[in-house]
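Please load the model in your viewer and have the selection tool ready.

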Amino acid sequence: MVSPPPTLMVFDDFNNNSYDGGAGPSTGPRKRGRGRPKGSKNGTRKPKKPKAYDPNSKLIKSCPKFDSGITKAERESGNLEIVASVLMRFDAIRRRLHQVNQPKDILTTASTNCMRLGVRTNMTRRIGPIPGVQVGDIFYYWGEMCLVGLHRDMAAGIDYLSAKRSGVDGHAATSVVTSGQYDDETEELDTLIYIGQDGKGKNRQPCDQVFIYDGLYLVSDFEHVIGKSGFKEFRFKLVRKPDQPSGYAIWKSVEILRNHDLIDPREGSILGDLSFGAEVLRVPLVNEVDEDDKTIPEDFDYIRSQCYSGMMFDLNVDIQSLGCHNCEGESCSHQNCSCMRKNGGELPYHNNILVSRKPLIYECGGSCPCPIDCPNRLVQTGLKIHLEVFKTANCGWGLRSWDPIRAGTFICEFAGVSKTKEEVEEDDDYLFDTSRIYHSFIWNYEPQLLREDASKQVSEVINFPTQVLISAKEKGNVGRFMNHSCWPNVFWQPIEYENNGATYVRIGLFAMKHIPPMTELTYDYGVSCVEKNGEDEILYKGKKICLCGSVKCRGSFG
């Protein structure tokens, strides 16, 4: 199920580019063509035309040296971990292509390269559930669904198996995408009248899209009619199989919440705004586990951002180098910007989406003359999505979003009071500690997937010269309610920020993957120590018992 209508991207499989995994195209001497001898100064030389951009410059035909890490068996049939990895890698490539300003065919390049280099799964065609894809999962691009085996056809709304391969009498539809292209009707949440048109479709302008996987449906009826457009239409009545988790139904329920943002119509509501007006978007507090329980979280002062209490982190920063002094009145996007140079010469964000994890990201601060809407100011600008604090079944209060969240989206800052080790209380359950041991994962793009030198791999290793401790026990924001999970959908990223000549570290919480509405937001709290069990196995040891219930649960955290 899809809302709003998507833009369909058709990828081109007819190019002849190849890549050997090395340093990219040859940089050796070129043969001189006809023209004036080298060194001649006679005559008038016309200015050189800028080299036209080659849209196929990032496309790959093959890369024998590249190891996708996905076995042949896993490419045929996947699981939760493989599906998550494929989607994460596809989106990492897409973000990188935006960062380097590839003018077009970004989705074509990302999906084609993944397919050709084996970054895909569930290639075995089947009727029924897709391994590793769960009801309610969301996708932002057509190609993502193809890479995980949910929908094969890059243009058509119906994917199917032939009569010979389906094992039934006639063709069998394996997936259907309803996108508003025609006059599809939803009588109720579990029924859909799907209309396929034998003729010209409707012209629609490209727009943002979110695909929602709504589970398994059965075709209960079929008929031919002449539609409003005058063409023959094939109408299928699809009825959702019972006893499945909610998908589209949740989408419709949060749509109501967003449309009635000022009056919360739900039962279980406790507070209309936990931030008491501190945030631009209100933060409701709800308890749907026990609607009669109106108990609120323990008392704390709501703050929008970090409270330093006079404490500054000494990161050996030269005060004279603070601020992008050559960006007066304009956003930071040119190579002469000093803040750009600190970030490796590239903006860390594209359209408010984080491109890559880094040991440290430098945002423009108080000494920078660039405007408040500079693309290098993100974490400091506060909430941009509708969040709510809710009562969980087993883990106290939690945090979730009314909005679908795209991978790389800034969710919130972990706001609190910066403290020294000596100031931290033993029973502080709202402590963020950079010295803990965190389960490693790779989130950034792989240069080989874009015909780039492997040495361009951006480091994701965070190694502070000093321990960063932030307590949200007495003062904090919505970040204090984000629970731990050993299989999280959020990660933290340190941000260096300067104000009044002092340099501080903020902690931004970003979406690790696409997150459906009303899904609990969690990140890895880390553990205090690790132990080796034999030669290979490592046991993570924390102070508290973990109740995350995920497939990767370590048993403890903190």
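**First stop: a buried serine**

Begin by selecting Ser338, which is buried, with a relative accessible area of 16%. Keep in mind as you look around that this is a predicted model. Ser338 belongs to helix α7, which covers residues 338-342. Now show its surroundings: leaving aside residues up to four places away in sequence, Ser338 touches Gly323, Cys324, His325 and Asn326.

How many disulfides does the count come to? The count is zero. Select Cys332 to look into this: Cys332 is in no disulfide, and the nearest cysteine sulfur, that of Cys364, is 3.4 Å away. Move on to Cys364, whose closest cysteine sulfur is the one in Cys332; at 3.4 Å, that is too far for a bond. The cut-off for a disulfide is a pair of cysteine sulfur atoms within 2.5 Å. Color both by accessibility if you like: Cys332 is buried at a relative accessible area of 1%, and Cys364 is buried at 0%.

Next, select strand β16, residues 397-401. Five of its five residues are buried, so β16 is largely enclosed by the rest of the structure. Which residues lie on each side of β16? Trp397, Leu399 and Ser401 are on one side, with Gly398 and Arg400 on the other, and both faces are covered.

Technical notes. Residues numbered from 1 in each chain as written. Predicted model: local features only at pLDDT ≥ 70, side-chain atom pairs only at ≥ 80, totals over all residues. Heavy atoms only, no water. Helix = DSSP H or I, 4+ residues; strand = E, 2+ residues; numbered from the N terminus. Buried < 20%, exposed > 50% of the residue type's maximum accessible area, 1.4 Å probe, protein only. Contact = heavy atoms within 4.5 Å.
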